[in-house]
Amino acid sequence: MNIPFASFKKMHSELREKLDLAYERVLESNYFIQGKECADFEKKFAGYCGVDYCVGVGNGLDALTLILRAMNIGNDDEVIVPSNTYIATALAVSSVGATPIFVEPEIQTYNINPDKVEEVITENTKAVIAVHLQGRPADMDKICAIANKHNLRVIEDAAQAHGARYKGKRVGAIGDAAGFSFYPGKNLGALGDGGCVTTNDKEIADRVRSLGNYGSDYKYHHIYKGVNSRLDELQAAFLNVKLDKLDYWNEERRKIAEKYFAGITNPLVTLPLKSDDIFEHIYHVFVIRCKERDKLEEYLNSKGIGTVKHYPIPMHRQLAYKDLGIGEGELPIAEEISRTVLSLPMYYGMTDEEIQYVVKNINEF
C-alpha cells in the first residue's frame, strides 16, 4: 500500500465544479487584483475568525512582515519568537531589521513556553510572536498577561492553525494582529500562494493594506515605502469556495487523529497532546516523537508510508542565523525536537484502511 504524506485529491474532486465556476467568474470579470473576490473573502474570513478586519496579502511571511512594519517595529528592536517553528517566523523579524529572540518551547506542546518569555525581555523588546504550531493554539492567556505587563505587542502566527480555538475563541482574534498563510498544504489552502492579516485594530489593518499596496492609500498616492503583497482575485475566489468546508475538514482531521491515538501503542513513540476544550487542535500535522526517528522514517517509507520531518535543523543552527552566535546545545529543547519528531500522513480523504496500515506499521517498528 502507498500512502502519501498529504493529498488534495478527494478535497478538490468534491469541489471541482465550484472551483471551476470560481475560475470562470474571475476570468469573465476581467478584474484580477483587488476586486470583489478579495473583498468578499476578507469580509468572510474576518467573520469566521471573529475580528473586525482582514487584509489579504501575498503569503504568510508577508503577513507577519507587514504586521511588524505596521507596528513600527524595526532596527534595534527585539521580537520574541519560539525556538521551534518554521523559519518564516524569524525571517519576518529579520526582514524589518529587528532581532529575533528565541525562547524554548514546551516539549509536550511544541509551542513557546510562556514561563520562559519574561526571562528574555529587555528595554528593546517590542513584541512576542506566538506560533500556533501544528494547529494547536499557544497558551495565549499567559502570553498576553506577560505582554500587557511589559507593554508588548502580541502577534499570532496562525499559519498552521486555520479554525483552531483557544478557550472557544478562534485564533487570529486573540492578539493585536495575526498572520495566516494560504499555502496549498494548509488546512485552508489556496491553489497557489496567499495569506492575510486579521486584527481588531483599524490602524493596523489600514497600514497593512497600504504597505502591501506599494505604500499607497489611494491610487498614485504613496504614504509609505511599501511593497507589492496582495491576495489576487483568483486565489481569493478559490478560498471563498474552500472556507465553507474548513470546519468539516478540520473535524475529519480530528477523527483521523483519534484513530491514531487509539491505535498507536509502540512504547518507542511519543504521541502529541490531544485536542481539548481549552486548546482545540486542528491537526495541521500529526507529529510523533521517537529517539530512533530516522530509522522509523526509513522503515515507514519502505512500507510506502509518506512522512515529513518538521523541522530537521532548528533555526538557530541554520546558516542564515549564524550571526546570532547561538551554539549547539544552547537551545536543547528545540534541538531535541528537531532530532526526534516525525509527521505522519494526515489529510482529508484518508480511509480507515490507510489509517490502520499506518498504525500497524508503527506498532511493528
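A search of the whole structure finds 24 salt bridges, a salt bridge being a side-chain nitrogen of Lys or Arg within 4 Å of a carboxyl oxygen of Asp or Glu. Side chains of opposite charge can pair when their charged atoms come close. The structure is a predicted model, in which local features need pLDDT of at least 70 and side-chain atom pairs count only at pLDDT 80 or more, while totals for chains, interfaces and linings use all residues. Residues are numbered from 1 along each chain as its sequence is written, and side-chain values use heavy atoms, with hydrogens and water left out.

One of these salt bridges joins Glu 42 to Arg 209, whose closest N and O atoms are 3.1 Å apart. Because Glu 42 belongs to helix α2 (residues 36-49) and Arg 209 to helix α6 (residues 202-211), the pair ties together parts that are 167 residues apart in sequence; helices here are DSSP runs of H or I with at least four residues, and strands are runs of E with at least two, numbered from the N terminus. Glu 42 has 9% relative accessibility and so counts as buried, whereas Arg 209, at 36%, counts as partly exposed. In these terms, buried means under 20% relative accessible area, exposed means over 50%, and partly exposed lies in between, with a 1.4 Å probe and protein chains only.

A salt bridge also forms between the side chains of Arg 153 and Asp 176, at 3.9 Å from N to O. This pair links distant parts of the chain, since Arg 153 is in strand β5 (residues 153-157) and Asp 176 is in the loop between β7 (169-170) and β8 (177-181), 23 residues apart. Arg 153 is partly exposed at 30% relative accessibility, and Asp 176 is partly exposed at 28%.

Within helix α8 (residues 246-263), Glu 252 and Lys 255 lie three residues apart, about one turn of the helix, and their side chains meet in a salt bridge of 3.3 Å, N to O. Salt bridges that share partners also join Arg 165, Glu 251, Arg 254 and Glu 280 into one network.

Turning to the whole protein, there are eleven helices and 15 strands. The radius of gyration is 20 Å, close to the 21 Å that the globule rule gives for 365 residues, so the protein is as compact as a globular protein of that length; the radius is taken over C-alpha atoms, and the rule is 2.2 Å times the number of residues to the power 0.38. Buried residues make up 56% of the 365 residues.
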